[in-house]
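Dear colleague,

Here is the structure I said I would pass on. My notes on it follow below.

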Amino acid sequence: MLKVVKNLYDYRELMLTLAWKNIALRYKQAYLGIAWAIIKPVTLMLIFTLVRAFVGIESGDVPYPILVFAALLPWTFFQESTSDAVNSVVGNTALIKKIYFPREIFPITSVMTKLVELGINFLILAGLMVWYGMLPSIHILWVPLLLVYTVLAALTIALAGAAVNVYYRDVGQALPVLLSLLMYASPVIYPLQLVKDKLLTQQAAGEWSNALYTIYTLNPLAGIIDAFQNAVLRGTAPDPHAMLPGMVSILLLLPLSYLYFKRAESFFADVI
Amino acid sequence: MPIIEVEHLTKEYRLGAMQGLKQALRNAAARLTDRTVTERPLFKALDDVSFSIEPGEVVGIIGHNGAGKSTLLKILAGISKPTAGRMRVEGRIAPLIEVGAGFVPDFTGRENVYLNGSIMGLPRREIDRKFDEIVDFAEMAEFIDTPVKRYSSGMQVKLAFAVATSIASEILIVDEVLAVGDLAFQRKCFDRMEDLIKRQGRTVLLVSHNIRQVERICHRVLLMDHGHVAADGLPSEICTRFYSENDEKIKRQSAHAARAREQTTGDVENARVELIDDAGNVTDRLHFGESARIRLSFDTRIPLVNPTFGIGIHTTDFLYLATENTHERFQGMTLPVGHHTLEMTIPVFPFLPGAYSVRVGINSGELSHVRYYAESLATFRVLIPGQRIRGNMKEGFVSLAPQWALY
């Protein structure tokens with residue numbers, strides 16, 4: 001574990017350069033430049049707010065637009081970084097065939113690149129908070145930890161996905177579809193509180209209710225999004241009950257994903 | 001203590017494309033029912049290769065296409081893993097395998113220097129320090145802030161070469177990169193390589209099809225053939241062997257291959273060239289230093305007025321070495337319709353061992369029209385009586401038959 005981190009630390013300059021390349025490349029010939037990073041979550045926020053006007057979603061004490069925007073921050077980061085990372089190995093065929101450095105640098109760099117866009121979106125969130133007159137509490141200090149956790153969750157899918165994608169390009173095609181489905185299974189449009197009320201308080205699914213809730217929270221994004229909203233908007237600590245199942249699954253899957261990637265890595269240049 | 005050590009290295013590839021879902025299901029079913037599975041065949045790109053290289057050695061790797069040269073370099077550079085065998089590399093490797101692989105077309109030259117440098121493992125501060133030198137060497141100062149996509153391909157390669165050779169690695173791997181840029185730049189690259197080798201004492205692995213270049217730079221040459229190391233030794237010996245194998249191959253092919261650049265008006269046909277050795281036998285092997293005759297026979301369908309004949313000797317890669325012409329010799333003659341034979345006698349055959357070809361031209365008429373011209377009409381080998389080939393025999397094509405004097 002320590003060796004893995006140490007090894008990556010040795011390549012920090014390369015990762016920074018590659019991340020800079022990804023960002024510069026993305027916006028170099030775009031007139032709107034880095035503004036594209038905020039257009040997606042802002043548009044989604046507007047659409048969801050519009051939809052809510054028809055269907056009515058209970059958002060608690062927090063105004064719905066800012067609640068949904070706060071959910072979209074970790075969600076967009078997770079979605080885009082995994083989709084990008086899964087294609088990162090295949091997308092760098094020229095480098096893979098010509099030079100060796102640890103291949104996990106590609107998916108890791110993809111995820112790191114998206115952190116920059118996340119940072120820009122944070123500014124928008126701060127603006128929204130000012131607009132709604134909300135002040136952050138001490139609990140905002142949870143945010144860095146939550147980000148680390150989100151990065152690990154993204155890497156869990158990214159590493160295995162990127163490796164499989166070298167052999168079967170289906171993964172790169174399928175993942176965006178799966179991720180857009182996962183969004184509905186995560187508390188993005190609706191707050192986690194609604195699910196909690198339905199399953200834990202009202203026991204809507206009878207004796208299966210508690211089990212269903214655990215299954216729902218196996219998705220790490222469920223815990224992450226809720227905790228993020230708690231820390232930034234509601235001024236409370238993360239809900240350990242909602243976080244635990246997801247954390248356990250990441251803790252188990254991330255090492256497997258990494259080991260699979262390292263095993264597959266030796267054959268990238270031959271197969272790609 | 002060798003810097004590179006390779007033992008029984010083998011690399012297998014599976015031939016053919018990825019199996020579709022249908023084939024995969026069928027194979028799974030076959031496995032379940034204990035029937036034989038149709039596997040894709042294996043191909044051995046490297047087959048039990050062993051050698052070791054000492055620090056400071058400059059080793060050339062030559063061989064035909066598909067002999068395993070690039071696979072070997074890829075494994076040494078860690079890009080690909082061997083199927084079996086062991087290898088040990090001490091120190092850092094800078095691969096110049098197709099320089100410029102990491103160039104991003106949208107980036108400027110400056111940005112690409114930094115990007116490529118850090119891909120090759122050069123710290124940023126190091127690049128800052130070497131930046132001017134790199135740009136200077138590549139002669140790119142004027143264009144360094146232009147996106148690389150607007151560069152000519154030669155400019156891209158110049159820049160990439162400059163970056164790659166500025167890395168202070170112990171081992172440099174060069175795969176077919178010196179054949180780039182214009183002549184002046186090639187020369188410069190060559191000098192830079194020699195500088196890296198001679199003054200900085202780096203270990204270099206060079207793959208090239210330019211055998212003359214390999215012979216000049218390297219201390220040692222590995223000849224690869226179908227995944228094996230066919231020969232390992234001094235450049236002059238190995239290169240000579242490679243040449244003669246190549247010559248044989250070319251000779252075999254040209255026996256039935258079309259005559260090169262044949263042009264005829266149709267008036268002259270059935271041109272044939274035969275070589276006759278000292279003893280008067282028709283042969284395809286001539287001996288250096290003995291007499292030889294080249295006999296040209298042809299049919300003409302029109303009377304040839306004032307004929308002139310040219311007979312030349314060229315290498316198998318069409319470097320013209322000698323051309324003889326009858327000029328005014330047969331002026332005023334008219335060759336009637338029919339079969340004719342021309343013989344050229346060479347009293348002392350001056351060409352050194354190797355493979356050579358004969359080209360022929362026939363002109364006639366008041367304005368000296370070309371009636372017939374063809375290259376590679378016959379290919380022959382030159383041997384030395386007694387098979388004693390001295391070291392200098394492959395450094396040139398002709399012997400000056402000199403007389404020496406020392407004062």
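Chain B contains eight helices and 21 strands (DSSP runs numbered from the N terminus, helices being H or I of at least four residues and strands E of at least two). The model is predicted, so local features need pLDDT of at least 70 and side-chain atom pairs count only at pLDDT 80 or more, while totals for chains, interfaces and linings use all residues. Residues are numbered from 1 along each chain as its sequence is written, chains are lettered from A and ligands numbered from 1 in the order in which they are written, and side-chain values use heavy atoms, with hydrogens and water left out.

Chain B as a whole

Of the 407 residues in chain B, 47% are buried (buried means under 20% relative accessible area, exposed over 50%, and partly exposed in between, with a 1.4 Å probe and protein chains only). The accessible surface of chain B is about 20,800 Å², and carbon and sulfur atoms hold 52% of that (Shrake-Rupley method, 1.4 Å probe; for residues, only the protein chains shown count as cover). Among contacts in chain B with a separation of 6 or more, 73% are between residues 24 or more positions apart (contact means heavy atoms within 4.5 Å).

Strand 1 of chain B and its partners

Strand 1 of chain B covers residues 4–14 and runs antiparallel to strand 4 of chain B (residues 84–89), with five bridges joining the two (strands pair if DSSP finds at least two bridges between them). In this pairing B:Val6 is opposite B:Met87 of strand 4. Strand 1 of chain B is also antiparallel to strand 2 of chain B (residues 42–53), here through eight bridges. B:Glu12 faces B:Lys44 of strand 2 in chain B.

What does B:Thr71 touch, leaving aside residues up to four places away in sequence? Its contacts are B:Lys11, B:Tyr13, B:Ala45 and B:Leu46. B:Thr71 itself sits in helix 2 of chain B (residues 69–76) and is buried, at 13% relative accessible area.

Salt bridges

Side chains of opposite charge can pair when their charged atoms come close. Over all chains, the search finds 30 salt bridges (a side-chain nitrogen of Lys or Arg within 4 Å of a carboxyl oxygen of Asp or Glu).

In chain A, the side chains of A:Glu80 and A:Lys40 form one at 3.3 Å, N to O. This pair links distant parts of the chain, with A:Glu80 in helix 4 (residues 64–86) of chain A and A:Lys40 in helix 3 (residues 36–55) of chain A, 40 residues apart. A:Glu80 is buried at 18% relative accessibility, whereas A:Lys40 is partly exposed at 30%. Both residues belong to a network of salt bridges that also includes A:Asp84, A:Lys114 and A:Glu117.

In chain B, the side chains of B:Glu7 and B:Arg86 meet in a salt bridge at 3.4 Å, N to O. B:Glu7 is in strand 1 of chain B and B:Arg86 in strand 4 of chain B, so the pair links parts of the chain 79 residues apart. B:Glu7 is partly exposed at 28% relative accessibility, and B:Arg86 is partly exposed at 45%.

B:Glu269 and B:Arg301 form a further salt bridge, with the closest N and O atoms 3.8 Å apart. B:Glu269 lies in strand 11 (residues 268–276) of chain B and B:Arg301 in the loop between strand 14 (292–300) and strand 15 (304–305) of chain B, so the pair ties together parts 32 residues apart in sequence. B:Glu269 is partly exposed, with 32% relative accessible area, while B:Arg301 is exposed, with 54%.

Regards
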